[in-house]
Amino acid sequence: MAEPLLRLDHLRKSFGGLTVTQDVSLSVDGGIHALIGPNGAGKTTLIHQVSGLLRPDGGRILLGGEDITALPMARRARRGLARTFQITSVVADFSALENVALAVQARRGSSFRFIRPAAQETALNEAAMAALADVGLAARADVPAGAMSHGEKRQLELAIAIAAEPRLLLLDEPLAGAGPEETERLIDILQRLKARYAILLVEHDMQAVFAMADHVSVLVYGALIASGPPDAIRADPAVRQAYLGEDDIPLAGPR
Amino acid sequence: MIRTLRAEAPALLLLMGLALAPFLGFGEGYVLTLLARAMILAMAAVALSLLVGGGGLVSMGHAAMMGFGAYAVVILDDLRITEAAIVLPVAILAAAGFALATGAIAIRTSGVHFIMITLAFGQMAFFTATSLAAYGGDDGYTLYARSTVLGVALLNDRLSFHFICLGALAGTWLLARMLLASRFGRVLRAARGNAVRVQALGFDPYPYRLVAYAIAGGIGGAAGFLLANATEFVAPAYFSWQRSGELLFMVILGGVAGLHGALIGALAFVLLEEWLSHQWEHWRMLFGVLLILSVLFLPRGLAGLPGQLAKGFRRG
């Protein structure tokens, strides 16, 4: 069997007495792999360990067969991991274009260049504009990121992530805090992106997850209780048990 | 193009004013000496602004960089080497080397720890200078001669010294501006704004910050070289944390949002200090109050004052 793009191998992590990742093994290939679970299930902690913001206590993380468990975040990014954050993370005093151009710059050539103004590098700007256009922000390129609406910042973060030309996109609740219209627009964008990138998605919006995901893994108290195609997960008794009493989980069927 | 010109107008006007000053009635020796001192400190302040405003690195040891430059002049002067073509590169390299060595450790920390560790390194340099008995120790060292430029005593003429300082200041400003606009500067600025985002993109901020720290150190060394020549006397006080604090204050007084803030801040600081000291014996008290007021009421520094006033008028 070919090595999957991302493989987590018996990953463990605890904060003091609290186990947040309990022996999690899973693999991600193409399409959208969604990670769901009730609040406090350890989804974001898991994403942090994959991206390198947190170090696991045990187990291995393999990207394309290469063990990246010990690498710091910056070096994982250079190997093709791009991520968005649950709480939007952009450079507030940069324009949207400059935020994205910085991501392009990370992929293209050395950044130890001291003379030429970066803002006048057409190659960087063109690639950045293309990424902005992909998420529907082309008209807002010159707006400072800090002055954008919440939904726009979420779109901008997606543009930054794809401008890095990653092998794997880690999206930590890209829909969090977005209004209904913004949510629809973001889902549209994600649907388009999944044809081009492998995506590991953490998301609370179950309707969105079951509409988009090709594969769903369910995390409860740090442990993986189920993993499979959306239909199988919907029917899984253990998953129903975990979500018991939460009315907003549309496990009954597609919307 | 027009937008660039508008953004840079304050700095350009200030530099032009300094160029014209000797011909507009500010040509007497005493005034030129004062202006030279202001321009040299402004040079160090612009380099510090590159660190504070560009990299988010609030150094409390920037005076030590000037100290290294000045003591390079002293030590070579003692050996009767006064040729600027030798002394200036030595001054720059000594300061940049000190910045590189201490920065390698200091930049691993951040926030208050960075401030304290740069202050500690500066004080180490200060106490080392006080113990250099061969160069006057505590009492300082009076130069045998000002540096010559390729054998010509260019620095001895007040007017040419004025323009050399102005050229150095303008060069520093252009260099810092170029660095901030480059790819390098973009990473540096982004890491100040959001270090986690920058790491998630694949950049380790450390080498960028260290290089910026060493460059600012080298500029500080050049400023120290000029200051030693301006006063023809060098004392350990050049290294002191009080001087570092003054430089930091110039940067904050002027505003950290742009490099011209440091220019304005340094000139305002030196001229205000001079003027006040002639008005009142206890001028330092008043100076302190003015500085506190400026921090309280000018959040974006003197450079942000026009914008602040315009906003106030619009509001009525």
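The axes of helix α3 (residues 62-78) of chain B and helix α5 (residues 111-130) of chain B come within 9 Å and cross at roughly 30°. Axes here are lines fitted to C-alpha atoms, for helices over the stretch in contact, with angles running from 0 to 180 degrees between N-to-C directions. The crossing angle makes α3(B) roughly parallel to α5(B); angles under 35 degrees count as roughly parallel, over 145 as roughly antiparallel, 65 to 115 as roughly perpendicular, and the rest as oblique. The crossing of α3(B) past α5(B) is left-handed, that is, the near helix is turned anticlockwise from the far one by less than a right angle, clockwise being right-handed.

On the α3(B) side, the contact is made by A63(B), A64(B), G67(B) and Y71(B), and on the α5(B) side by F121(B), G122(B), A125(B) and A129(B). Two residues are in contact if their C-beta atoms, placed from the backbone, lie within 7 Å. By class, this contact of α3(B) with α5(B) has six nonpolar, two polar and no charged residues. Ala, Val, Leu, Ile, Met, Phe, Trp, Tyr, Cys and Pro count as nonpolar, Asp, Glu, Lys and Arg as charged, and the others, Gly among them, as polar.

A word on conventions. The model is predicted, and local features need pLDDT of at least 70, side-chain atom pairs pLDDT 80 or more, whereas totals for chains, interfaces and linings use all residues. Residues are numbered from 1 along each chain as its sequence is written, and chains are lettered from A and ligands numbered from 1 in the order in which they are written. Helices (H or I, at least four residues) and strands (E, at least two) are DSSP runs, numbered from the N terminus.

I remain with chain B for S240(B), in the loop between β2 (233-234) and α10 (241-254). Is this residue buried or exposed? S240(B) is buried, with 20 other C-beta atoms within 10 Å. The cut-offs are 20 or more such neighbours for buried, 12 or fewer for exposed, and partly exposed in between, with C-beta atoms placed from the backbone. Leaving aside residues up to four places away in sequence, S240(B) touches A63(B) and F126(B). Its C-alpha atom is separated by 11 Å from that of T130(B), 110 residues apart along the chain.

Helix α9 (residues 205-231) of chain B has 27 residues and reaches 39 Å from its first C-alpha to its last, close to the 39 Å expected at 1.5 Å a residue; the expected span is 1.5 Å times one less than the number of residues. Of those 27 residues, 21 are buried, so α9(B) is largely enclosed by the rest of the structure. E232(B) follows α9(B) with a positive phi, near 55°.

Turning to chain A, helix α3 (residues 96-107) has 12 residues. Which elements do its buried residues pack against? They pack against α4 (122-134) and α5 (150-163) of chain A, together with α7 (183-193) of chain B. With 11 of its 12 residues buried, α3(A) is largely enclosed by the rest of the structure. Just after this helix, G109(A) takes a positive phi of about 75°.

Finally, the interface. Here 26 residues of chain A are in contact with 19 residues of chain B. On the chain A side, α2 (73-78) and α3 are the elements that give two or more residues. That side has 17 nonpolar, four polar and five charged residues.
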